[in-house]
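The sequence and the structure are shown first.

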Amino acid sequence: MVLSLVIVVISLVAFAAIHSFMASLAFKRHLMKVLGPSADRLFMPLFSIIAVLTLLPLAYLLYKYPGPFLYIVPSPWRWAMVGGQLIAAGVAPLALLYAPHRFRIRAQLSVPQSPEAGHLDIRGIYRWVRDPFLLSGLVMIWLTPFMTVNLLIIYLLATIYLYLGSLHWETRLVAQFGDEYREYQKQVHRIIPKFNTGYQNKK
């Protein structure tokens with residue numbers, strides 16, 4: 001059991017290291033030098049493919065070495081949890097759809113008020129929650145209708161990684177949009193959606 005847990009944790013650490021390296025500004029600067037303007041178009045597909053490929057071994061190891069079961073949620077509650085996971089899975093594509101400018105490498109490497117940085121332009125789901133990727137990720141993992149020892153440890157580590165990644169991402173957004181993003185932070189929560197009022201862009 002201990003050996004299987006060590007293998008699973010090492011796999012998660014390897015994924016986190018690769019993911020963090022590819023998300024770093026240093027890597028993106030190098031990519032811009034090598035690929036030029038086409039880096040913006042190729043980065044997200046490349047990043048997504050590598051993320052999936054590096055997660056597959058971890059998923060296999062968790063399947064192979066799940067560890068002792070802690071609980072299995074019975075019906076009908078398990079289907080409600082799966083439904084919540086499916087809804088959360090649909091949030092990530094919406095988050096990308098409503099804020100493609102946030103993921104352009106040239107914009108991330110820019111400074112506030114520059115033409116490359118662009119405007120914040122809050123739309124769609126971002127009017128109610130600042131980090132829909134973090135929200136959907138947490139919902140998807142913690143609504144799993146069963147839990148094993150190894151899975152619990154991986155989920156705890158993944159939660160910490162996702163949250164720290166969100167903090168780092170917001171630091172970049174402040175660097176990109178400046179006071180415009182700081183004002184947005186005051187009005188919209190990072191994780192918990194605020195549905196009573198939606199953020200309105202300044203005219």
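## Packing of α4 against α6

Within what distance do the axes of α4 and α6 come, and at what angle do they cross? In this predicted model, the two axes come within 8 Å and cross at roughly 160°. Angles over 145 degrees count as roughly antiparallel, and α4 and α6 are therefore roughly antiparallel to each other. The crossing in which α4 passes α6 is left-handed.

On the α4 side, the contact is made by M81, G84, Q85, A88, A89, V91, A92, A95 and L96. The residues contributed by α6 are P132, F133, S136, V139, M140 and W142. By class, the residues of this contact between α4 and α6 divide into 12 nonpolar and three polar, with no charged residue.

## Overall fold

The secondary structure of the chain comprises eight helices and two strands. Read along the sequence, these elements follow the pattern α-α-α-β-α-α-α-β-α-α. The C-alpha trace spans about 55 × 45 × 20 Å along its principal axes.

The chain has 203 residues, of which 39% count as buried. Among contacts with a separation of 6 or more, residues 24 or more positions apart account for 78%.

In soluble globular proteins, nonpolar side chains tend to be buried together. The largest nonpolar core of this chain has 18 residues, and the members that touch the most others are L120, I122, Y126, Y181 and Y184. Helices α4 (77-98), α7 (149-177) and α8 (179-187) each supply at least two residues of this core. The greatest contribution comes from α7, with four residues.

Beyond its neighbours within four places in sequence, N150 is in contact with S4, L5, L62, Y65, P66 and G67.

L62 and L164 lie 102 residues apart along the chain, and their C-alpha atoms are separated by 23 Å.

## Backbone features in loops

Which residues does a cis peptide bond join? The bond is between S75 and P76, with omega about 0°. P76 is located in the loop between β1 (69-72) and α4.

A further backbone feature concerns D121, which has a positive phi of about 50° although it is not a glycine. D121 is found in the loop between α5 (105-108) and α6 (132-142). At 36% relative accessibility, D121 counts as partly exposed.

Methods:
Residues numbered from 1 in each chain as written. Predicted model: local features only at pLDDT ≥ 70, side-chain atom pairs only at ≥ 80, totals over all residues. Heavy atoms only, no water. Core = buried A, V, L, I, M, F, W, Y, C linked by side-chain atoms within 4.5 Å. Buried < 20%, exposed > 50% of the residue type's maximum accessible area, 1.4 Å probe, protein only. Axes fitted to C-alpha atoms, helices over the stretch in contact; angles between N-to-C directions. Parallel < 35°, antiparallel > 145°, perpendicular 65-115°, else oblique. Left-handed = near helix turned anticlockwise from the far one by under 90°. Contact = heavy atoms within 4.5 Å. Nonpolar A, V, L, I, M, F, W, Y, C, P; charged D, E, K, R; others polar.
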